[in-house]
Amino acid sequence: MDTASTYQDRESKLTTVVFGILKYTILVIACLIVIIPLVVVFLGSLKSNTEFLSSNVFALPTKIEWNNYKTAFIEGQVLEGFKNTLIILIFSCVGTILTGSMTAYVVQRFDTVLGKAAKAAFLLATLLPNISMQVTVYRIVNAFGLVGSMAAPIILYVGTDIISIYIFIQFLNNISYSLDESAVIDGANYFTVYFRIIFPLLKPAIATVLIIKIIGIYNDFYTPQLYMGKSKPVVSTALYNFIGPFGAKWEIIFAGVVICIIPTLIIFIFLQKYIYSGLVNGSVKE
């Protein structure tokens with residue numbers, strides 16, 4: 001019996017060690033997958049065009065070219081890109097929070113046939129690939145004369161955010177119905193219930209939606225490039241000016257990429273706890 005017990009203990013310890021090694025190996029590989037491209041971009045942003053084309057991607061620059069950052073910031077219209085991106089972010093985030101939370105409140109609180117049909121429609125919309133509907137969407141936006149303006153991406157960002165609606169629905173599942181009922185008994189209408197009671201309780205969900213929305217819009221290249229072009233650059237499209245028919249100035253593009261990474265990196269460092277906790281808090285109903 002003692003021998004069998006000792007053998008089982010050794011086997012259990014060996015299994016724990018093997019799984020521990022495997023776990024940390026996967027974590028190290030995942031970190032390298034994320035860090036290596038950032039290192040390559042940063043090193044490339046410090047090289048001259050000749051050295052960039054002739055040297056290894058991991059080679060240190062022989063002479064640091066800080067002018068790449070100046071060129072990217074001024075000639076690449078990064079400052080104007082930040083301004084346009086900020087405008088789009090403000091209107092898109094406010095619109096998403098209001099429409100998403102209101103839609104989630106109606107769908108989750110009122111168990112009707114229409115609400116169930118709306119949930120099914122939202123689920124169906126998430127299954128359809130966006131690229132398959134772009135021709136139709138573009139023709140609709142163009143018919144309203146919005147192509148070339150910032151209104152086009154703002155409307156698209158607000159109107160196609162199904163994920164935010166589901167996040168609000170998950171948080172609403174943890175808010176007791178008795179709060180609504182008490183307010184209605186006291187004479188409040190549903191608009192008052194939403195704005196005075198439900199909306200303040202959705203702060204964690206709002207923080208989660210804001211973070212996901214900001215990062216998504218900030219990194220989106222396709223929508224601003226398609227609907228606004230080079231006339232109104234945003235952060236993700238401003239550096240596209242350095243790509244021409246005869247090649248690209250990659251060292252300047254890399255410098256611009258580093259500049260554009262800094263704001264999102266700062267936001268993520270300070271608000272990462274809301275990203276992780278916000279995605280989980282509404283997923284389990286106690």
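Predicted model: local features only at pLDDT ≥ 70, side-chain atom pairs only at ≥ 80, totals over all residues.

Q: How are two packed helices described?

A: Two packed helices are described by the angle between their axes and the distance between the axes. Here, the axes of α9 (residues 177-185) and α10 (residues 190-201) come within 10 Å and cross at roughly 145 degrees.

Q: Which residues make the contact of α9 with α10?

A: From α9 come L179, D180, A183 and V184, while α10 brings Y190, V193, I197, I198 and L201. Sorted by kind, the residues of this contact are eight nonpolar, no polar and one charged.

Q: At what angle do α4 and α11 pack?

A: The angle between α4 and α11 (residues 203-219) is about 145 degrees, and their axes lie 10 Å apart. The crossing of α4 and α11 is right-handed. On the α4 side, the contact includes F82, T85, I88 and L89; on the α11 side, it includes I206, V209, L210 and K213. The residues of the contact of α4 with α11 divide into 11 nonpolar, three polar and one charged.

Q: Let's turn to the surface. Which residues form a nonpolar patch there?

A: The patch is formed by L86, I90, F91, V94, L98, M102, F191 and F195, which together have about 790 Å² of accessible area. Two elements, α4 (78-109) and α10, each give two or more residues to the patch.

Q: Which element gives the most to the nonpolar patch?

A: That is α4, with six residues. F91, one of the patch residues, lies in helix α4.

Notes: Residues numbered from 1 in each chain as written. Heavy atoms only, no water. Axes fitted to C-alpha atoms, helices over the stretch in contact; angles between N-to-C directions. Helix = DSSP H or I, 4+ residues; strand = E, 2+ residues; numbered from the N terminus. Contact = heavy atoms within 4.5 Å. Nonpolar A, V, L, I, M, F, W, Y, C, P; charged D, E, K, R; others polar. Patch = residues over 30% accessible without salt bridge, like charges linked within 9 Å, V, L, I, M, F, W, Y side chains within 5 Å. Areas by Shrake-Rupley, 256 points an atom, 1.4 Å probe, with all protein chains shown as cover. Salt bridge = Lys/Arg side-chain N within 4 Å of Asp/Glu carboxyl O. Left-handed = near helix turned anticlockwise from the far one by under 90°.
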